[in-house]
Amino acid sequence: MKKGKVDALLGIVFGDEGKGKVVDCFTPQYDVVARFAGGPNAGHTIIFEGKKFVLRSIPSGIFDEGKLNIIGNGCVIAPDLFMAEAKELEAAGYDLRSRLHISKRAHLILPTHRVLDRAYEAAKGKSKVGTTGKGIGPTYSEKASRTGLRVGDMLENFDQKYAALKARHEQILKDLNYTDYDITDEEKLWMEGVEYMRTFPLTDTEIEINKYLREGKSVLAEGAQGTMLDIDHGTYPFVSSSSTICGGVCTGLGVAPLSIGEVFGIFKAYSTRVGAGPFPVELFDETGDKIRDIGHEYGAVTGRNRRCGWVDLVALKYAIMINGVTQLIMMKGDVLDTFDTIRVCVAYEKDGVTTTDMPYDTEGWKAVYKDVPGWKTDLTGITKEEEFPAAFASYIKYLETELETPITIVSVGPDRAQTIVRNK
Ligand code: GDP
Ligand code: IMO
Ligand code: MG
């Protein structure tokens, strides 16, 4: 971490890599923690001192008093869900208004955006994305069409602007023949959320962040989703709708490319994916079920089963390239503790063609594997690198060599305490 720089912590596969846990661990080293993309489609789990929180829109640095947390301009925010999330933290004794600023430029997710999300998914038939249903796609589409409402709009003539946009959405829904919905209760809560949000500092966060950087303060940008869900570089169209990559830090916070310092790429010792779309390493057998059971691989937002498979070097190499990852963080090694053999996807194969470069269309490609021995040791109580079983140490070494990037942190359990910084 360098003073006056923005370090990025990015999920580099399909999300749910453990970003929340690591941001929480890193926060003491930083002055500011900022979310730059996504919204309540994210679910970031933090566990410490016997407490568990799942954050959706609020950055994972919120538990550290005296640190500023920012919801940046690249985010989308649903006032009702924000209120529920914030009230839970307030009930647990955290004072938010002194440490959370929200960008006036962040876009608002309306109740009708969520209906549109459902309507568009329904219209897609068999090619559904399997969205989280939080209105993410419709809200970012609206942003791009220059018709959206922003947090700053809450400060003036809001009711009129809201009514006009809602009427537009109702017309679209009518055109789609999607009329079987009732948002009466949801809308009431949403409006309460708007009132509640107005009591928070709604600010020009890009100006604030740049001022902090000029003063030599350090910023941690907390990614949401993962590189393979990025709107440009993911497995389109089975992606989310924001820029989840390192470039998204610049647009989503308003910071210049040269202000980026370290780029931490976070991944699991295996792979998961929620929702639809190509996933060449997916296991449909009992090994996949075993990873899901041991890893508790069920969505933090929707509770859906996460699809599970072995680690994917094709995806990881691609993500390291796209993001300029300088350090890797490997999570959930403990989940593989009981496996005799660990498989690593080293290439994709289709119709006799083998590639190690991420193909344009990942549909139909099969994983080519290399097998390495399992460590058959409980990692969860390990506190330093020297205690790693030899096979685990060589798994890490193998991945580092293949990925040409150091793995500087290894996580062996969900708790803050189960985090090992390596002697690099
Ligand atoms: P995020 O969206 O990237 O913040 O990740 P999620 O919170 O959606 O999913 C990660 C899940 O793995 C959470 O339930 C964490 O509590 C859990 N977790 C994080 N690190 C570890 C680890 O090293 N081992 C195990 N077993 N669980 C972990
Ligand atoms: P975190 O930050 C995993 C997936 C959805 C779906 C696709 C599009 O917790 O890692 P959306 O609702 O964004 O339009 O859904 O993206 N998705 C995630 N998968 N982790 C996430 O966030 C995700 N956010 C969205 O399952 O396939
Ligand atoms: Mg998650």
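## Ligand 2

An oxygen atom of ligand 2 sits 2.7 Å from an N or O atom in the side chain of His 44, a polar contact in the sense of a pair of N or O atoms within 3.5 Å. Polar side-chain atoms of Asn 41 and of Arg 304 each lie 2.9 Å from an oxygen atom of this ligand. Of the 550 Å² of accessible area that ligand 2 has on its own, the protein covers 98%, with areas taken from the Shrake-Rupley method with a 1.4 Å probe.

The shell around ligand 2 holds 21 residues, and Asp 16, Lys 19, His 44, Thr 132 and Ser 240 are the closest; a residue is near if one of its heavy atoms lies within 4 Å. By class, this shell has 8 nonpolar, 10 polar and 3 charged residues, where Asp, Glu, Lys and Arg count as charged and Gly is among the polar ones.

## Ligand 1

For ligand 1, oxygen atoms lie 2.9 Å from an N or O atom in the side chain of Asp 16, 2.8 Å from a backbone N or O atom of Gly 18, and 2.5 Å from a polar side-chain atom of Thr 45. The protein buries 92% of the 580 Å² that ligand 1 exposes when taken alone.

Around ligand 1 there are 19 residues, with Gly 18, Lys 19, Thr 45, Asp 334 and Ser 411 nearest, and by class they are 5 nonpolar, 7 polar and 7 charged.

## Basis of the values

This is a predicted model, in which local features need pLDDT of at least 70 and side-chain atom pairs count only at pLDDT 80 or more, while totals for chains, interfaces and linings use all residues. Residues are numbered from 1 along each chain as its sequence is written, ligands are numbered from 1 in the order in which they are written, and side-chain values use heavy atoms, with hydrogens and water left out.

Note on methods
Polar contact = N/O pair within 3.5 Å; in protein donor to acceptor, adjacent residues only side chain to side chain.
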